[in-house]
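Hi everyone, thanks for coming.

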Amino acid sequence: MAIVALVSAKGSPGVTTAALACALSWHRRLVLAECDPSGGSVLAGYLGGALDGPRGIGELAVGELRDGSMDSTFWSQLVDLDAPRRERLLLPGVVDPAQAGSVTPLWRRFADFFVDLERGKPSYDVLVDCGRLQVAGPPWPILRAAAVVLVVTRARLPDLSAARSMIGAIQRDFTDHRVPPGTLHLLPVGDGHRPGEISKALGLPVIARLPDDPRTAQVLTLGGTVRAGRPLMRAAAGLEAPVRALLEHRRARLAWPVNRGVPDAV
């Protein structure tokens, strides 16, 4: 499975919480990459700062700009979320705002690298927490390279209103860069409007819905024992199937003209 990116419209709808819940519950090997320019939070939150030294995307960026060392140092910058299995890995985000200046020029490089992880042996899916786009240096190249982009939003009217303008900006950018249609989907969180109402209001399909689960959200934010039976973890695990089906449908659609020798009329 290729890159799956999560992005939010405003405030704190739970992008990092949703991404981490998925990383801890999905079945395939996965790298969770924190690519929010405003900073990562999993190290200091869920992992409680328990590391043996600086690690993450900021360190990778500095090394890449200095001597082009990303290929040789990437795996040493990851944190095993399920040690020692190496099946659920975290690429921590920037912890120092000064690092953001090093990371921003390399978004295209990171996008290409993440795409290649699917072809590796073993192969890894890449789940990317892109945070909010209303910041300096958003990771547009990663969004354009993603096979699926999930807009995470609360299901309440003010949040949906904010999401509408951001979705428009993404759609214009995707059109300009010839991103295939069907990439963008909605992932509402919590109570509020129904999925059908949300889809109609924002003009995009709803792929799934994540429930409000304050107890699990607190563990994923501040650390503790994650319980697979909790509502949020069950929903996150269930998200894998529709995402994978969407990817397979997209791949079949893009390959169909080549395999069948006729134009794609869809």
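I'll begin with the overall fold and then turn to the aromatic rings.

Please keep in mind that this is a predicted model. The protein has 10 helices and seven strands. Its radius of gyration is 18 Å, close to the 18 Å from the globule rule for 266 residues, so the protein is as compact as a globular protein of that length. Along the principal axes, the C-alpha atoms fill a box of roughly 50 × 45 × 35 Å.

Among contacts with a separation of 6 or more, 69% are between residues 24 or more positions apart. The accessible surface comes to about 12400 Å², and carbon and sulfur atoms contribute 53% of that. As for charge, there are 31 positive and 26 negative charges, and their mean positions are 6 Å apart.

Now, the rings. Searching the whole structure gives five aromatic pairs. Why is the pair of F74 and W75 edge-to-face? The ring centres are 5.2 Å apart and the planes of F74 and W75 meet at 85°, and over 60 degrees counts as edge-to-face. F74 is buried, with a relative accessible area of 0%, while W75 is partly exposed at 33%.

W107 and F110 make a tilted pair, with 6.3 Å from centre to centre and 55° between the planes. Both lie in helix α5, residues 107-117, three residues apart, or about one turn of the helix. W107 and F110 are both buried.

One last stop: ring pairs join F74, W75, F113 and Y124 into a cluster. Thanks, everyone!

Key: Residues numbered from 1 in each chain as written. Predicted model: local features only at pLDDT ≥ 70, side-chain atom pairs only at ≥ 80, totals over all residues. Heavy atoms only, no water. Helix = DSSP H or I, 4+ residues; strand = E, 2+ residues; numbered from the N terminus. Rg over C-alpha atoms; globule rule 2.2 N^0.38 Å. Contact = heavy atoms within 4.5 Å. Areas by Shrake-Rupley, 256 points an atom, 1.4 Å probe, with all protein chains shown as cover. Lys, Arg positive; Asp, Glu negative; His and termini not counted. Charge placed at Lys NZ, Arg CZ, Asp CG, Glu CD. Phe/Tyr/Trp six-rings, centres within 6.5 Å; stacked < 30°, edge-to-face > 60°. Buried < 20%, exposed > 50% of the residue type's maximum accessible area, 1.4 Å probe, protein only.
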